[in-house]
Amino acid sequence: MLTLEKCLKDVKYIEEVTLVELSDKLWKLGTLEKIKEEVSPELFTLHVGMNMIGNWKGSGWWGVISEHAELVPFVADTLEAFGLPDLKTAFENVISCFPEDTIFSNDDIYCDTINFLQNVRFKVSNERLNTISIEKRKEMVNNIHRYLEELEQLTEPLWGYSGENNGWKTVLDFISAHK
């Protein structure tokens with residue numbers, strides 16, 4: 001089993017490029033489920049966290065949720081492991097806006113769900129989503145945007161480039177605690 005300690009044993013100084021290289025190495029193992037089977041729980045959490053933060057830096061939380069659906073089921077636990085209970089709660093508030101039977105995968109149904117929640121004017125082909133009233137849909141769209149804004153406000157000081165260690169302090173602290 002691959003562990004955090006094994007992966008970073010010869011690393012003296014951890015920079016953003018070090019994290020990217022480690023993440024790339026882990027992605028070569030396959031899907032997140034496959035990675036989870038082959039690495040220690042700490043290394044898996046770190047992998048999800050690095051991808052979550054890295055993708056957030058590029059496109060915010062909506063980008064993480066809409067373009068990296070495979071991460072979504074693991075985000076709340078990762079935020080908890082990183083000692084970020086307020087972010088975890090804010091993230092769970094966003095996810096609570098999704099229809100109950102949402103499966104977070106990069107397929108056509110999920111794409112329809114994202115479009116459905118993004119804007120009430122976006123057309124969707126999913127019959128189940130189309131049974132939701134326009135009033136309920138407006139409420140869902142308004143809620144998700146409000147919760148996303150709250151989540152972004154909490155996240156920016158921690159992970160933005162003006163944050164400590166260019167926003168990677170959370171990851172570096174996790175590594176220090178588990179190496």
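**Helix H6 and its surroundings**

Reader: What do the buried residues of H6 pack against?

Author: They pack against three helices: H4, H5 (72-81) and H9 (134-159). Helices here are DSSP runs of H or I with at least four residues, and strands are runs of E with at least two, numbered from the N terminus. Packing means contact, that is, heavy atoms within 4.5 Å.

Reader: Where do the numbers come from?

Author: This is a predicted model, where local features need pLDDT of at least 70 and side-chain atom pairs count only at pLDDT 80 or more, while totals for chains, interfaces and linings use all residues. Residues are numbered from 1 along each chain as its sequence is written, and side-chain values use heavy atoms, with hydrogens and water left out.

Reader: OK, which residues of H6 are buried?

Author: In H6 (residues 85-95) they are Leu-87, Lys-88, Ala-90, Phe-91, Val-94 and Ile-95. Buried means under 20% relative accessible area, exposed means over 50%, and partly exposed lies in between (1.4 Å probe, protein chains only).

Reader: Why do they line one face of the helix?

Author: Seen down the axis of H6, the buried residues fall within an arc of 165 degrees, so they line one face. The arc is taken from the directions from the helix axis to the C-beta atoms. In general, an α-helix has 3.6 residues a turn, so residues three or four places apart point the same way.

Reader: And what's on the face turned away?

Author: That face of H6 carries the exposed residues Pro-85 and Asp-86.

Reader: New topic. How many aromatic pairs are there?

Author: Nine. One of them is Phe-44 with Phe-74, edge-to-face, at 5.1 Å centre to centre and 80 degrees between the planes. Rings of Phe, Tyr and Trp (its six-membered ring) pair if their centres lie within 6.5 Å; planes under 30 degrees apart are stacked, over 60 edge-to-face, the rest tilted.

Reader: What does the Phe-44 and Phe-74 pair tie together?

Author: Phe-44 lies in H4 and Phe-74 in H5, so the pair ties together parts 30 residues apart in sequence. Phe-44 is buried at 7% relative accessible area, and Phe-74 is buried at 12%.

Reader: Last one. How many disulfides?

Author: Zero, by the rule used. A disulfide is a pair of cysteine sulfur atoms within 2.5 Å. The sulfur of Cys-97 is 19 Å from the closest cysteine sulfur, in Cys-111, which is too far for a bond.

Reader: Is Cys-97 buried or exposed?

Author: Buried, at 8% relative accessibility. Cys-111 is partly exposed, at 44%.
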